[in-house]
Number of protein chains: 2
Amino acid sequence: MLTERQLFLFKVLVNDYIRSAEPIGSRTIAKRYDVKYSPATIRNELADLEEMGFLEKTHSSSGRVPSQKGYRYYVDHLLSPALLSKDEILNIKRAIQDKYYELEKVTQETANILSEFTHYTSIVLGPEVLTTKLKHMQIVMLSRETAVLIIITNTGHVENRTIKLPEGLDARKVEMLVNILNDRLQGTPLFKLKNALDSEIKNVLRQHLSEYERIIEMLNDALEYHPVDHIYFSGKTNILSQPEFKDIDKVLPILNALENKDIVYELLRPSGEDGIHIKIGEENAMREIKDCSVITASYSIGGEHMGTVAVIGPTRMAYPKVVTLMELVTNSLSELLTKRYQDA
Amino acid sequence: MLTERQLFLFKVLVNDYIRSAEPIGSRTIAKRYDVKYSPATIRNELADLEEMGFLEKTHSSSGRVPSQKGYRYYVDHLLSPALLSKDEILNIKRAIQDKYYELEKVTQETANILSEFTHYTSIVLGPEVLTTKLKHMQIVMLSRETAVLIIITNTGHVENRTIKLPEGLDARKVEMLVNILNDRLQGTPLFKLKNALDSEIKNVLRQHLSEYERIIEMLNDALEYHPVDHIYFSGKTNILSQPEFKDIDKVLPILNALENKDIVYELLRPSGEDGIHIKIGEENAMREIKDCSVITASYSIGGEHMGTVAVIGPTRMAYPKVVTLMELVTNSLSELLTKRYQDA
DNA sequence: TGTTAGCACTCTAAATGCCCGAGTGCTAAT
DNA sequence: ATTAGCACTCGGGCATTTAGAGTGCTAACA
């Protein structure tokens with residue numbers, strides 16, 4: 001579809017724009033990278049590329065800028081991995097090491113690294129409920145009718161909910177029940193917890209308690225998993241340093257979107273298969289970040305999907321570098337987590 | 001010190017500037033509020049006020065603007081409480097009601113209300129460790145040498161730490177120990193927990209365990225309270241809408257400061273007595289927010305200090321409204337918490 | 001003696017005009 | 001097919017102007 005020369009010029013232009021954030025024209029290309037074509041030839045090619053929708057002009061006599069379609073083509077066909085220096089690789093690998101016991105800290109540190117190395121905003125979706133298993137469950141009464149339900153997973157993560165007991169329900173019965181559940185449900189993946197509760201345990205409970213239905217209802221409510229509680233950020237304000245976001249009005253909707261965890265979750269929602277996904281501009285679910293690109297990648301334990309890491313930056317993003325970095329980071333993270341939790 | 005007329009003009013000027021964010025001069029004052037003095041007279045008075053340090057000019061022929069000292073004088077001597085409409089009061093009181101069981105949600109909701117009504121950034125320091133008591137403590141083993149220590153307070157708050165057991169320490173012994181501690185320490189205020197651990201319990205433990213020293217050390221580490229884990233924000237980006245922060249460079253250090261929990265905690269650190277405190281511009285601990293004012297107020301349970309709420313805005317802040325609002329909010333919150341946890 | 005009118009001056013912000021540079025499209029020559 | 005040449009366009013930078021709001025100071029006034 002594209003000639004060799006068009007491809008070359010397109011790539012040169014995109015790379016230059018990613019670096020400089022300035023529209024770039026035929027003369028500059030001819031000068032800056034001593035290509036063997038004259039400005040006029042380049043002009044013709046650029047005009048063709050624009051007609052095909054890969055480039056845009058910011059005004060009638062300006063240089064060209066990649067269009068959204070252009071970026072899409074770039075990442076789909078022209079993305080060559082960036083090289084990281086040995087030092088960088090070493091630093092990253094060392095940072096994602098057995099430095100922290102708590103999974104939360106590891107997750108946060110991962111986010112920190114991503115934002116530090118990219119200068120964009122990074123987001124990490126904490127280890128998903130999907131593959132974490134119940135280690136221990138306990139209920140602690142606070143008062144006659146309120147209690148805290150605590151769930152500890154095999155990854156050391158602690159969930160807790162304050163719940164209100166149905167009126168007239170004996171606290172001791174509830175405690176007894178939870179003890180039973182604790183025995184029975186240990187090792188159950190969290191996402192199966194509600195089902196397990198409903199089916200497998202029903203019979204056991206019936207023997208012990210008459211009010212089991214109300215209790216199950218209550219527990220069902222409490223066991224609802226809220227992924228929004230497990231989002232880690234870093235470099236939230238990095239976007240402000242990008243030249244295309246130098247005026248407040250451009251940046252305000254983006255920052256606001258980042259403050260809203262539901263929106264963020266929507267943006268990162270796993271889109272099917274694992275691996276690296278790139279959403280450019282308006283390809284994203286949310287209108288607010290139509291001038292941004294989101295790159296997501298997933299990490300795993302022993303091959304099982306555990307969570308997602310993401311980087312948000314301008315559409316003019318250093319795609320090669322970010323992609324390479326994310327591969328390295330997710331691999332390191334997966335390795336660490338697998339080593340630590342595979343058989344826990 | 002100030003004449004009646006100076007006082008009046010000063011107050012008019014500050015109020016106008018708070019509203020409009022524009023430097024204001026003698027003629028405008030004479031026009032806008034039909035005062036009975038001529039611009040020339042007002043000019044003279046303003047010159048005097050400037051000489052005394054209450055006002056400043058942005059350039060040699062500009063109108064006047066309150067200085068930091070001016071704001072200080074304003075809040076110390078001229079602050080008249082704003083009137084909230086019955087609707088507003090009702091809305092706020094209703095919002096801080098028994099809507100949520102979980103203390104975290106109540107706290108977050110409080111922050112939301114504050115930022116919503118002020119259009120500034122609000123911060124709430126969660127119920128402090130100082131007056132919350134241990135309800136239940138438990139250790140759950142994750143693997144041979146890692147475990148989660150869980151602490152539940154009488155306010156329904158759950159703290160958890162992942163800890164690494166000293167090598168060669170028997171997990172069952174640790175569990176036994178924690179059970180004992182659980183019995184003995186129930187009702188101890190969290191801030192006394194480390195002491196209690198050290199003194200009162202020592203003897204009991206010696207009888208049960210030989211390795212008690214290493215265990216105590218481990219628990220001591222784990223029981224360290226990290227106030228930075230209990231900060232709730234709302235309206236982080238509101239500052240961006242203020243005219244004085246329309247350029248990125250002004251706003252970046254502020255947003256960055258808000259992302260750093262240590263800095264935030266430093267800014268809100270309780271300054272002695274309860275009640276409302278106002279820190280203006282450079283009075284604040286952190287250089288980064290020298291163009292902002294921070295208003296803090298505390299809430300309590302049965303008179304005992306529990307936490308702090310704060311609002312951060314430009315020095316040109318609507319002090320009367322914010323102060324009134326914060327009084328209302330902290331009172332409502334104290335009331336709710338007292339009702340709920342007083343005798344728990 | 002406190003207040004006011006008048007005046008010359010200052011500074012900012014917005015509008016205006018001008019030019020330069022980088023770019024374009026088109027045509028004709030190579 | 002490529003390139004040189006040319007007329008044209010647009011944005012950004014720069015100086016200039018103008019209007020508006022303000023000031024300080026002095027002299028006149030009640």
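Between chain A and chain B, 5 residue pairs are in polar contact, with both partners at pLDDT 80 or more. Salt bridges between chain A and chain B number 0. Please keep in mind that this is a predicted model.

**Where chain A meets chain B**

- Chain A and chain B bury about 2900 Å² between them, and carbon and sulfur atoms carry 65% of that area.
- On the side of chain A that touches chain B, the elements giving two or more residues are strand 4 (134-141), strand 5 (146-153), strand 6 (158-164) and helix 11 (248-259) of chain A.
- Helix 11 of chain A makes the largest contribution to that side, with 6 residues.
- Sorted by class, the side of chain A that touches chain B holds 14 nonpolar, 10 polar and 7 charged residues.
- In total, 31 residues from chain A and 30 residues from chain B take part in the contact.

**How the two copies are related**

- Chain A can be superposed on chain B by a rotation of 179° with a shift of 0.1 Å along its axis, giving an RMSD of 0.1 Å.
- The two copies are therefore related as by a two-fold rotation axis.
- Both copies use the same surface: 97% of the contact residues of chain A recur in chain B.

**Around DNA strand C**

- DNA strand C has 21 residues around it, and those that come nearest are A:T28, A:R64, B:T41, B:S60 and B:S61.
- Of the atoms of DNA strand C that come within 4 Å of the protein, 80% belong to sugar and phosphate.
- Phosphate oxygens of DNA strand C are approached from both chains: a polar side-chain atom of A:S26 lies 2.7 Å from one, and a polar side-chain atom of B:R5 lies 2.8 Å from one.
- A base is reached too, with an N or O atom in the side chain of B:S61 lying 2.6 Å from a base oxygen of DNA strand C.
- Two elements give two or more residues to the surface near DNA strand C, namely helix 2 (26-32) of chain A and helix 3 (39-51) of chain B.
- Helix 3 of chain B provides the largest share of this surface, at 4 residues.
- The surface near DNA strand C is made up of 2 nonpolar, 12 polar and 7 charged residues.

**Around DNA strand D**

- DNA strand D is surrounded by 21 residues, of which A:T41, A:S61, B:S26, B:T28 and B:R64 are the closest.
- Sugar and phosphate make up 81% of the atoms of DNA strand D that come within 4 Å of the protein.
- The backbone joins in at B:S62, where a polar backbone atom is 3.5 Å from a sugar or linking oxygen of DNA strand D.
- Helix 3 (39-51) of chain A and helix 2 (26-32) of chain B each supply at least two residues of the surface near DNA strand D.
- The largest share of that surface, 4 residues, belongs to helix 3 of chain A.
- By class, 2 nonpolar, 12 polar and 7 charged residues form the surface near DNA strand D.

Key. Residues numbered from 1 in each chain as written. Chains lettered and ligands numbered in written order. Predicted model: local features only at pLDDT ≥ 70, side-chain atom pairs only at ≥ 80, totals over all residues. Heavy atoms only, no water. Near = heavy atom within 4 Å. Polar contact = N/O pair within 3.5 Å; in protein donor to acceptor, adjacent residues only side chain to side chain. Nonpolar A, V, L, I, M, F, W, Y, C, P; charged D, E, K, R; others polar. Least-squares fit on C-alpha atoms with pLDDT ≥ 70 in both. Contact = heavy atoms within 4.5 Å. Buried area = accessible area lost by both parts, 1.4 Å probe. Salt bridge = Lys/Arg side-chain N within 4 Å of Asp/Glu carboxyl O.
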